[in-house]
Amino acid sequence: MTDTRVDVAGVQVATEHYIGGRRVGSPDTFEDRSPLDWSWKLADIARGDADAAAAAVGAAVEAFPSWAALTVEERAAHLHRLADAIEERIEDLAQVECADMGMLLESLRKRVIARGAANFRNYADLAVEHDERVWASKGTENRVVRMPAGPAVIITPWNAPWLLSTWKLAPALAAGNPVILKPAEWSPLSASLLGDLADAAGLPPGVLNIVQGIGEEVGAALVNDPRVARISFTGSPEAARHIGQAAGRNIVPFTAELGGKGPLIVFEDADLDAAAEKAAGQFDDGGQVCLAGTRLLVHESLRHDFLERFHRHVDAEVLGDSRDPATTISPLIHPEHLARVDGFVQRARDAGDRVVRGGQAAEVDGSRDGLWYEPTLIEPASNDAEVVQQEVFGPVLTFQTFRSEDEAVALANSTAYGLSGIVYTTSRERAERVGRAVRAGTVWVNTFLVRDLTAPFGGCGISGIGREGGHYALEFHADLKTLQILEDSTT
Ligand code: NAD
């Protein structure tokens with residue numbers, strides 16, 4: 001056993017996999033750098049290969065019978081201990097996630113890290129409350145029994161590593177499935193700390209395994225392993241297509257939470273300032289948010305008033321170091337991602353779309369060499385524009401106007417995505433009508449990102465397959481059985 005650690009913002013972080021309760025290396029490594037300062041090398045991380053994948057699945061297979069045999073209450077107690085361990089290390093986790101992903105430190109400290117603990121507590125409680133359905137029919141007693149399915153592979157993207165890994169781990173573990181977590185290669189560190197938290201919480205070895213590495217390498221090896229019983233993926237539609245093929249070959253259920261291109265619709269009866277402020281808020285986290293309302297659809301009578309307010313709110317945003325409490329917009333994750341975002345903007349210019357504001361790497365502390373991108377607004381030449389139809393995943397919004405409610409809904413539903421939507425109106429009837437008509441997994445009216453952890457979460461179209469959240473995720477991680485006993489045949 002090896003356990004190589006590096007100091008990241010004062011926190012010791014393991015650079016190796018966590019398999020069967022031990023730190024295990026791989027022959028190769030990959031480099032992890034900080035988006036806050038690209039010259040800041042954080043770590044050389046174990047680059048998982050087929051051997052690492054096989055070992056992690058093997059550890060989960062071994063742990064499965066005893067984890068599945070625990071009562072729901074016993075597993076829930078483990079999850080609460082994991083949540084306790086998280087709550088003791090909020091500052092460490094916030095520092096590491098900030099350095100690794102670039103998310104604002106204050107928001108990590110105050111909200112995001114604690115939400116990870118809440119994910120475990122929520123699923124501990126939900127699993128205990130989740131009754132078996134029992135009913136009588138055709139002279140039999142019927143009962144729906146949930147059987148833990150087996151080892152689950154969980155694959156997460158780089159943009160909200162802590163939130164998403166805890167959100168996906170909690171239901172799998174609560175349902176009785178040991179897990180192999182494969183975090184994204186651009187932000188692998190908070191997941192690594194989960195191994196230490198599992199040790200601190202006394203989780204049995206092999207119940208939580210963490211394998212680091214590249215998606216097309218170790219990620220592909222994991223999803224192709226026939227011993228895996230569930231695959232829960234969050235990331236891009238491109239990767240989902242590969243993973244879905246592996247799931248299909250092995251006949252394994254999989255959920256896919258994918259990209260978004262959400263509309264933010266502002267009707268003529270809206271609270272205009274609230275809507276404009278929320279629109280400007282779509283640049284938070286550098287716009288690297290799958291749920292963001294990136295297509296501003298505004299009633300044509302409001303064009304001038306809305307834009308005036310929107311620009312005022314955007315002018316008040318502060319691009320800077322995510323550790324500075326004054327900063328409101330963080331850098332992008334990686335130079336390659338910055339180039340990708342800029343590529344969308346340059347192609348939009350070339351295609352005749354109008355760049356209304358922004359449109360280049362931002363100057364921060366007198367330099368454009370960092371990974372910040374100017375909050376950008378584009379008025380497209382048509383609804384077919386690439387920048388309207390494709391997810392940019394950066395601080396780039398489009399602006400279009402509509403004349404009627406029908407036109408607003410048609411524009412909202414005109415992309416291949418369907419993850420989320422935001423509607424601003426003061427009419428209750430319109431809120432219901434448009435809320436139902438927008439084709440998306442979540443629609444917020446006059447608010448954004450407020451989430452009840454028991455609500456279903458997922459996307460339509462190329463935004464995903466399946467639903468997570470609440471008992472939906474518990475059902476996904478179980479094999480359901482109908483147990484029928486002839487009435488009066490047993491005592
Ligand atoms: P990505 O698809 O490139 O990578 C996601 C994860 O999949 C990474 O861990 C990667 O290593 C792994 N991966 C890639 N190819 C793989 C393969 N062939 N087999 C197995 N694993 C593979 O996505 P990304 O760039 O990390 O994340 C951004 C995307 O994630 C955006 O589209 C964003 O909208 C989406 N996202 C969706 C949600 C949601 O809940 N719907 C949340 C956050 C992010």
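This is a predicted model: local features need pLDDT of at least 70, side-chain atom pairs count only at pLDDT 80 or more; totals for chains, interfaces and linings use all residues.
Residues are numbered from 1 along each chain as its sequence is written, and side-chain values use heavy atoms, with hydrogens and water left out.

Let's start with the shell. There are 29 residues around the ligand, and Lys182, Glu185, Ser236, Leu258 and Glu391 come nearest; a residue counts as near with a heavy atom within 4 Å. Both domain 1 (5-258 + 459-482) and domain 2 (262-445) give at least three residues to this shell, with bounds from an automatic or database domain assignment.

Now the polar contacts, meaning pairs of N or O atoms within 3.5 Å. Glu185 places a polar side-chain atom 2.6 Å from a ligand oxygen atom. Polar backbone atoms also take part: Thr156 has one 2.7 Å from an oxygen atom of the ligand, and Gly235 has one at 3.3 Å from a ligand oxygen. On its own the ligand has 850 Å² of accessible area (Shrake-Rupley method, 1.4 Å probe), and the protein covers 90% of that. Thanks, everyone!

How values were computed. A polar contact is a pair of N or O atoms within 3.5 Å; within protein, one must be able to donate a hydrogen and the other to accept it, and residues adjacent in sequence count only if both atoms are side-chain atoms.
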